[in-house]
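I opened my notebook to go through this one piece by piece. Here is what I looked up.

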Amino acid sequence: MNEQPAAAPGPVARLIEEFYKLPGVGPKSAQRLTYYLLRMPAAEARALAEAILDVKERITFGSVCQNVTDTIPCRICDIHRRERTMICVVEEPMDILAVERSRSYRGLYHVLHGAISPMDGIGPEELKIEELLARLRTNEATEVILATNPNLEGEATAMYLTRLLRPLGLRITRLARGLPVGGDLEYADDVTLTRAMEGRQEVTD
Ligand SMILES: [Zn+2]
């Protein structure tokens, strides 16, 4: 008979389980993080726990752009010197940070909160696409920049949006190639991102 491994005490097992639910965290990392926290000074652990609760309590999704925000409207929607005729459509709030860091864009954003991925059971209705359509019908946008990731899901999403938005008569552009294929926008360096933004091309489907 196989010997059962000694089980970790309840609270330890519970924390390992919670870490394991996070993206990119395997069972080994979940254990490592848990035992790291066990050795951490209580004040530091408390600061971490409080930071988690704080984002859950104070941060919401912007009602217009769907970006994460603690103000309504969010800081970007609220800045009047931003170009209001352009909307850059991204998958995740992190992508906005990447584009902002590159300083290559002065327009508005729309966060989809994901990409179309039939394999993961994510269809268009799971994304903030209705919100984008509603917005485009009433605002002053003349160009939509599709800045979804340069991978399978991102391309499929861009294609879907192109067909959907075509009847609205807007200029539809896609970031230029040159971004690392298969990668995420959020990992692209500033120079590459700036080039991709400046070289964006009209989508002809
Ligand atoms: Zn906003």
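Where does arginine 103 lie? I found arginine 103 in the loop between α5 and β4. (Helices are DSSP runs of H or I with at least four residues, strands are runs of E with at least two, and both are numbered from the N terminus.)

Before going on, I noted that this is a predicted model, where local features need pLDDT of at least 70, side-chain atom pairs count only at pLDDT 80 or more, and totals for chains, interfaces and linings use all residues. Residues are numbered from 1 along each chain as its sequence is written, and side-chain values use heavy atoms, with hydrogens and water left out.

Arginine 103 counts as exposed because its relative accessibility is 75%. (Buried means under 20% relative accessible area, exposed over 50%, and partly exposed in between, with a 1.4 Å probe and protein chains only.)

Histidine 113 also has a positive phi, near 65°, and I located it in the loop between β4 and α6. Then I checked the peptide bonds and got a cis one joining isoleucine 72 and proline 73, with omega about -5°. Proline 73 is in the loop between β2 (68-69) and α4.

**Entry: the zinc ion**

Which protein atoms are donors of the zinc ion? I listed Cys65 (SG), Cys74 (SG) and Cys77 (SG), lying 2.2 Å from the zinc. (Donors are N, O and S atoms within 2.8 Å of the metal, or 3.2 Å for Na, K and Ca; water is not among the atoms, so sites may look incomplete.) Their spacing in sequence reads C-x8-C-x2-C. Cysteine 65 is buried, with a relative accessible area of 3%, and cysteine 74 is buried with 3% as well.

**Entry: threonine 60**

I found threonine 60 in strand β1 (residues 60-61). Is it buried or exposed, or partly exposed? At 40% relative accessibility, threonine 60 counts as partly exposed. Leaving out residues up to four places away in sequence, threonine 60 touches Asn67, Val68 and Thr69. (Contact means heavy atoms within 4.5 Å.)

**Entry: cores**

I looked for nonpolar cores, meaning sets of buried Ala, Val, Leu, Ile, Met, Phe, Trp, Tyr and Cys residues joined through side-chain atoms within 4.5 Å. The largest has 22 residues, of which Cys88, Tyr105, Leu175 and Leu185 touch the most other members. At least two residues of this core come from each of α4 (75-78), β3 (86-90), α5 (93-102), β4 (108-111) and α8 (190-198). Apart from it lies another core, of 19 residues, including Val89 and Leu161.

**Entry: α6 against α7**

Ile129, Leu132, Leu133 and Leu136 in α6 meet Tyr160, Leu161, Leu164 and Leu165 in α7.

**Entry: the whole chain**

Last, I noted eight helices and seven strands in the chain. Of its 205 residues, 39% count as buried. The C-alpha trace spans about 65 × 40 × 35 Å along its principal axes.
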